[in-house]
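Hi everyone, thanks for making time this morning. Let me put the structure up on the screen, and then we can walk through it together.

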Amino acid sequence: MDTEADVVVIGAGTVGASIGYGLAGLGRRVAVLDGGDRDFRAAVANFGLVWEQGKGVDVPGYRILTREAITCWPEFCSALQDETGIDLHYDRTGGLMISMSEAEFERSSRMQARLRDQLGEEMPPWEMLDRAALEAKLPKVKLGKDVIGASFGHDDGHVNPLRLLAALHAGIVKRGGVLRGGATVTSIRSNGTGGTLVEYAGGRILAGRVVIAAGLGTKALAAQVGLDIPIRAQRGQILVTERIEPFLPFPMSGMRQTREGSVLIGLTHEEVGLDTATTTAAAAVLSANALRRIPGLREVKLVRQWAGLRVMTPDGHPIYAESDSHPGVFVALCHSGITLAAAHAGMFARSMAEGRLPAALDVFHHRRFHVSQAA
Ligand SMILES: Cc1cc2nc3c(=O)[nH]c(=O)nc-3n(C[C@H](O)[C@H](O)[C@H](O)COP(=O)(O)OP(=O)(O)OC[C@H]3O[C@@H](n4cnc5c(N)ncnc54)[C@H](O)[C@@H]3O)c2cc1C
């Protein structure tokens, strides 16, 4: 089957689906092609934080991008919910990074002070809470004896990532876009007259532009258009408890209570390649960390454990780039695709509609890694 699209987005994880949803809202003919059942999918295995705290200290480009996303999230969420009827369970309550020692508390304070120096009036609303102030914020929680305090980011929050993904998929279709599953892309090549031919299992499409947002599948596809993208998988494991009465009003780094009542406990950072196995060693470490913070959780049953693979770059920041050999073919990937969803559906989709990356995203070109290797 031959069809045409203004933009083909490869990958319907949270990154590709956000971009596709944004493009469809701008009136572009967009086709989003997703891979097969056995693909790795961070979009369905993540923790669901929409998080700004601690990001972009000394890296202004990342701070600006994250702030853009955080600022746009409420409006992005309302529009998506209104269009699809799917409640994303997004709560912008503020979020806590718990300090388990004086040294950790000092580190967080210093990080905030550095950010305040860098930003002045632009400082995002954060504050340090000592133990007493933290206890006042968490009236239903008895904190472990080692908890010193926390840093509190007022604009942080959390969302149900499965609902987010389902809504983005529904939104693409409602906005007139095409979404194809089981459509693994095998070839991306120029048609010789300014377009790009995208071949996938079951058909091919002639595209004005292409965005490769295929998570861990990006490296192989990008190589076809001369882009050498340095990514690796990094495993994260998460524990899930039975549903209990609401007691935790804020998400924390490594713990949050969902609207249904389950407590999610995370996260590991494991360099094990493409291995999605769960391990008892991780369950033991994660449980012990959670109990040090909130000992009362020992009464609560664990019901599930899962592992997902992060799409990780060498410095942990996103990569946005255009191919030199195939102009009009772009790459978009990151390891905070839930947080950045609002920026991908907004600012990034607008730039793809115009066909060029904005100058603000120059710092995210992967040439930054090649330069540092040569130096
Ligand atoms: C344990 C864990 C916790 C995380 N927690 C958070 C968090 O709290 N907050 C946050 O912001 N982020 C978090 N993340 C990151 C977040 O999950 C991802 O950034 C997000 O899901 C976006 O991923 P993606 O769309 O790039 O890739 P994926 O979700 O992996 O999707 C890639 C898609 O590309 C498709 N694909 C691959 N190859 C091809 C091909 N050849 N042709 C067609 N399609 C193809 C696949 O089928 C897949 O659907 C976490 C990740 C993990 C693993």
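Strand S15 gives the largest share of the shell around the ligand, 4 residues. Please keep in mind as we go that this is a predicted model. In total, 41 residues surround the ligand, and the closest are Gly13, Gly215, Gly217, Gly236 and Gly337. The elements giving two or more residues to that shell are helix H1, at 14-25, strand S12, at 232-241, and S15, at 302-312. By residue class, the shell around the ligand holds 21 nonpolar, 16 polar and 4 charged residues.

Now, which domains give at least three residues each to the shell around the ligand? Those are domain 1 and domain 3. The domain assignment has domain 1 in pieces, 2-52 + 161-230 + 315-374, with domain 2 at 95-154 and domain 3 at 232-312. Taken over C-alpha atoms, the centres of domain 1 and domain 3 are 29 Å apart. Their contact takes 11 residues from domain 1 and 13 residues from domain 3. On the domain 1 side of that contact, you have 7 nonpolar residues, 4 polar and no charged.

As a reminder, two packed helices are described by the angle between their axes and the distance between the axes. The crossing of H1 with H5 is left-handed. From H1, the residues that meet H5 are Thr14, Ala17, Ser18, Gly20, Tyr21 and Ala24. Facing them from H5 are Pro161, Leu164, Leu165, Leu168, His169, Gly171 and Ile172. That contact divides into 8 nonpolar and 5 polar residues, with no charged ones.

Next stop is strand S12, where you'll find Gln237. Is Gln237 buried or exposed? It counts as buried, because it has 24 C-beta neighbours inside 10 Å, and the cut-off for buried is 20 or more. Leaving aside neighbours within four places in sequence, Gln237 is in contact with Leu267, Thr268, Thr278, Ala282, Leu286, Gln305 and Ala307. Ala277 is 40 residues from Gln237 in sequence, with a C-alpha to C-alpha distance of 8.9 Å.

One of those contacts, Leu267, deserves a look at its backbone. Most residues other than glycine have a negative phi, and most peptide bonds are trans. The peptide bond from Gly266 to Leu267 is cis, with omega near -15 degrees. Leu267 itself is in the loop between strand S14, at 263-265, and helix H7, at 280-293.

There are positive phi values to show you as well. Asp58, not a glycine, has a phi of about 70 degrees, and its place is the loop between strand S3, at 49-50, and H2. Asp58 counts as exposed because it has 10 C-beta neighbours inside 10 Å. His89 also has a positive phi, near 55 degrees, and lies in the loop between H2 and strand S4, at 95-99. With 17 C-beta neighbours inside 10 Å, His89 counts as partly exposed.

Finally, a residue of H2 itself: Leu65, in the helix that covers residues 60-84. Leu65 counts as buried, with 28 C-beta neighbours inside 10 Å. Not counting residues up to four places away in sequence, Leu65 touches Leu340 and Ala343. Gly35, by contrast, is 30 residues from Leu65 in sequence and 28 Å away in space, C-alpha to C-alpha.

How values were computed: Residues numbered from 1 in each chain as written. Predicted model: local features only at pLDDT ≥ 70, side-chain atom pairs only at ≥ 80, totals over all residues. Near = placed C-beta within 6 Å. Nonpolar A, V, L, I, M, F, W, Y, C, P; charged D, E, K, R; others polar. Domains from an automatic or database assignment. Left-handed = near helix turned anticlockwise from the far one by under 90°. Contact = placed C-beta atoms within 7 Å. Buried ≥ 20, exposed ≤ 12 C-beta atoms within 10 Å, placed from the backbone.
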